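Visitor: I have a model open and would like to go through a few of its elements. Can we start with a strand?

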Amino acid sequence: MGNADYVYPSTNDHQCAHRVAIPPPQPFFKSFSNSLKETFFPDDPLRQFKNKTPSLKFMLGLQYFLPILEWAPRYSLQFLKADLISGITIASLAIPQGISYAKLANLPPILGLYSSFIPPLVYAMMGSSRDLAVGTVAVASLLTASMLGQEVNATENPTLYLHLAFTATFFAGLLQASLGLLRLGFIVDFLSHATIVGFMAGAATVVCLQQLKGILGLDHFTHSTDIISVLRSVFTQTHQWRWESGVLGVVFLFFLLITKYLGKGRPKFFWISAMAPLASVILGSLLVYLTHAEKHGVQVIGNLKKGLNPPSFGDFVFTSPYMATAVKTGMITGIIALAEGIAVGRSFAMFKHYHIDGNKEMVAIGTMNIVGSCFSCYLATGPFSRSAVNFNAGCKTAMSNVIMAIAVMLTLLFLTPLFYYTPLVVLSAIIIAAMLGLIDYEAAIHLWKVDKFDFVVCMGAYIGVVFASVEVGLVIAVAISVLRLLLFVARPRTFVLGNIPNSTIYRNVEQFPNTNNVPGILILEIDAPIYFANSSYLRERISRWIDEEEDKLKSTGETSLQYVILDFSAVGNIDTSGISMLEEVKKTTDRRGLKLVLSNPGAEVMKKLNKSKFLENIGQEWIYLTVGEAVESCNYKLHTCKPDSTKEETQPWNNV
């Protein structure tokens, strides 16, 4: 950066600079209501009700909460054909996965089928995503087992454990629906992309390690989820490993991974990987039945209760000390499930160029879990693997969830005895094959290349989950993310601006090294709102910039510093602490013989500066619409007015 080529802009009238307007005052109630609207209703959901008749408003209101009323009248036979294929396809995946994930949650396997029947029906009526396939998920199942298992042993007290699972699902649904109704969906945004990548990968690693129990045919296994405890449990029981179970598990895992590879990136062959889990269950059951492998150490599911979901609303546990555990489990699993479901729904909506309302999705997912908890279901959401199969199968509407639910219903009514000989090792292989897809190492590498801090967040979540527990990993990831958010607020970036040659444009000198500095003028850009959290830092940082600029000018013998221009283009708001900081900066620049100039303050900033009398203090003539106008005016005064001979010798900022 230099000043050799800097050309002073010429003008005939330096009083023609545009003045920065002060916005007209607004009544407090109107200003407050506008702030609330921007915070909670940025999408303006009531816009569609404007200028409509009462009957039409009523119908639009019903369609808002029940989107099925919007698309059902336009439903066609062509859509039914596509949804029928999709529904049957995802049912073939949902049935084995549901049984597997229920076992992962230490719940009766039949609950996995119950949870793939009622919740999809509710979501089909209330959900706005066409592609989300509803059902149980591995991470929520693992969290349920981990958190409830700390309070109640599922083996010693299965009834209480089951009732706590229903209660936790009820509270999870209540939280999810409340977040949507109260328009508080932005809370879920605290789970950043990096957090979710690391958390999901860690949880997938833990889930895979947990399946070593089924693969090796072990009867006793640790209830801890950390890698040290799991490996200790595995290798201290080497004398109990069953080679029959291990061989069967490796064979079926290899089969599932091969079919997954064949279907990956080949939309025409998606059905191969989609049907593979059900095919594994059928083949495994036949193999066990024909060879009587259950008598040789291969564990099987056993009896599955026949019939539809029994009611469970009388089983909720609202007594101490178990209620606190259920609430805690419900809140954490509910947030994780909500983040996954909305992220998956938005991803597929982007591919098909339609929009889903995040708050409506929260209400839909929450309602389906509340209803599900009353009918023997545990936590459900929209898993990525099942939704991807639904998408690739060509689904058109949420009717594919209804088709899947009907297929599961028929299974519950007539086919559950067929699962008696299904080996647990096949369920473990299905879970491992599904979980390996959640370890997204490519995303982690991308985070390292793009943003090292995001990579730290990702690895913090992963290491916390794998070496401590799922809850600890989640807390670590959220804590690091919040810390970064606080750093963004408390340590905003400030830049020195220079003039791009042959223009009146001023940009960051680090980004544009060819810019020229303006003799006698220091231009600083503040790249964030000014609040109590960063006002002290900004005061000290501005001080340092001025000291560095004066030292540089003194060493080069150039024109001494006369003006400090603060570019407020990125300062969207300011509080009283920020105004106090500006007053201190103004006093200190005055003591040092410098003139403080502001450029392009926004409406909210101008309104507060005016009410605080700071505009009178600095003078309206020292506030400009653009940096270019501010520099032009300062240059004019610098070269036409006699320099102030009383300017004090440069001294450290904090000296009085």
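Guide: All 6 of the 6 residues of strand E3 (residues 521-526) are buried, so E3 is largely enclosed by the rest of the structure. Buried means under 20% relative accessible area, with a 1.4 Å probe and protein chains only; strands (E, at least two residues) and helices (H or I, at least four) are DSSP runs numbered from the N terminus. This is a predicted model, where local features need pLDDT of at least 70, side-chain atom pairs count only at pLDDT 80 or more, and totals for chains, interfaces and linings use all residues. Residues are numbered from 1 along each chain as its sequence is written, and side-chain values use heavy atoms, leaving out hydrogens and water.

Visitor: Which residues of E3 sit on each side?

Guide: Ile521, Ile523 and Glu525 are on one side, and Leu522, Leu524 and Ile526 on the other. Both faces are covered.

Visitor: In which sense does E3 pair with E1?

Guide: Strand E1 (residues 494-499) pairs with E3 in the antiparallel sense over 3 bridges; pairing takes at least two DSSP bridges between two strands. Thr494 has Ile526 of E3 as its bridge partner.

Visitor: And how many bridges join E3 to E4?

Guide: 5 bridges, and E3 and strand E4 (residues 563-567) run parallel. Leu522 is bridged to Val564 in E4.

Visitor: Switching to helices: at what angle do H7 and H14 pack?

Guide: Helix H7 (residues 138-149) and helix H14 (residues 322-352) pack at about 160 degrees, with axes 10 Å apart; axes are lines fitted to C-alpha atoms over the stretch in contact, and angles run from 0 to 180 degrees between N-to-C directions.

How values were computed:
Buried < 20%, exposed > 50% of the residue type's maximum accessible area, 1.4 Å probe, protein only.
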